[in-house]
Amino acid sequence: MLRLFVLVLALSVFALNSGAQAAEKGDRDKAMAMLTGADALFTASEHSKAADMCRRALAEDASCAAAHFKLAQCLEQLNKPREAFKSYKTAEELAKKEND
């Protein structure tokens with residue numbers, strides 16, 4: 001059930017985020033570059049390092065829904081479900097705001 005929720009949330013976040021324009025706050029380009037690194041680390045099962053990279057991305061642009069979402073995925077893999085849920089929720093809220 002949790003995996004289904006995660007899948008639906010992932011699709012929602014990415015669909016909303018794909019149509020969003022550049023962020024007004026923070027440095028979205030730097031954040032997205034760091035997020036690319038986080039994706040590579042996540043794929044290599046380096047979840048702790050990927051989470052750190054996501055946090056660095058969020059330091060550049062705290063309004064980046066994709067970075068919150070990737071951080072949530074990392075936290076889920078690190079067996080931190082409460083923190084993961086919080087990040088998923090933030091990602092969802094930011095994605096909705098970007099789409100408004």
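How many helices and how many strands does this chain have? Let's start there, everyone. The chain has 5 helices and 0 strands, where helices are DSSP runs of H or I with at least four residues, strands are runs of E with at least two, and both are numbered from the N terminus. Read from the N terminus on, the elements go α-α-α-α-α.

A quick word on what we are looking at. This is a predicted model, so local features need pLDDT of at least 70 and side-chain atom pairs count only at pLDDT 80 or more, while totals for chains, interfaces and linings use all residues. Residues are numbered from 1 along each chain as its sequence is written, and side-chain values use heavy atoms, with hydrogens and water left out.

Now the chain as a whole. Of its 100 residues, 38% count as buried. Buried means under 20% relative accessible area, exposed means over 50%, and partly exposed is in between, with a 1.4 Å probe and protein chains only. Then there are contacts, meaning heavy atoms within 4.5 Å. Take the contacts between residues at least 6 apart in sequence: 60% of them join residues at least 24 apart.

Next, a pair of helices. Two packed helices are described by the angle between their axes and the distance between the axes. How do α2 and α3 pack, and at what angle? Helix α2 covers residues 28-43 and helix α3 covers residues 47-60; their angle is about 175 degrees and their axes are 8 Å apart. The axes here are lines fitted to C-alpha atoms, for helices over the stretch in contact, and angles run from 0 to 180 degrees between N-to-C directions. Therefore α2 and α3 are roughly antiparallel to each other; that label is for angles over 145 degrees, while under 35 is roughly parallel, 65 to 115 is roughly perpendicular and the rest are oblique.

Who makes this contact? From α2 we have Lys30, Ala31, Met34, Leu35, Gly37, Ala38, Leu41 and Phe42. From α3 we have His47, Lys49, Ala50, Met53, Cys54, Arg56, Ala57 and Glu60. Sorted by kind, the residues of this contact are 10 nonpolar, 2 polar and 4 charged. In this scheme Ala, Val, Leu, Ile, Met, Phe, Trp, Tyr, Cys and Pro are nonpolar, Asp, Glu, Lys and Arg are charged, and the others, Gly among them, are polar.

Keep your eye on Phe42 for a moment. Lys70 lies over the face of Phe42, at 4.3 Å from the ring centre. For a charge to sit over a ring, NZ of Lys or CZ of Arg must be within 6 Å of the ring centre and within 35 degrees of the ring normal. Phe42 is also in contact with Gln73, which touches Tyr88 too, leaving aside neighbours of Gln73 within four places in sequence. Gln73 is found in helix α4 and counts as buried at 19% relative accessibility. From Gln73 to Phe85 is 12 residues in sequence and 9.3 Å in space, C-alpha to C-alpha.

Let's stay in α4, which spans residues 65-77 and holds His68. Is His68 buried or exposed? His68 is buried, with a relative accessible area of 13%. Not counting residues up to four places away in sequence, His68 touches Leu58, Ala62, Ser87, Thr90, Ala91 and Leu94.

Ser87 sits in helix α5 and is buried, at 9% relative accessible area. With the residues up to four places away set aside, Ser87 touches His68, Leu71, Ala72 and Leu75. Lys86 also lies in helix α5, but Lys86 is exposed, with a relative accessible area of 60%. Lys86 and His68 are 18 residues apart in sequence and 9.1 Å apart in space, C-alpha to C-alpha.

Last stop, the loops. Ser45 is in the loop between α2 and α3, and its phi is near 60 degrees, a positive value in a residue other than glycine. Ser45 counts as exposed at 52% relative accessibility. Glu46 is in the loop between α2 and α3 and counts as partly exposed at 34%. Over in the loop between α4 and α5 (81-99) we find Asn79. Asn79 has a phi near 60 degrees, again positive in a residue other than glycine, and is exposed at 64% relative accessible area.
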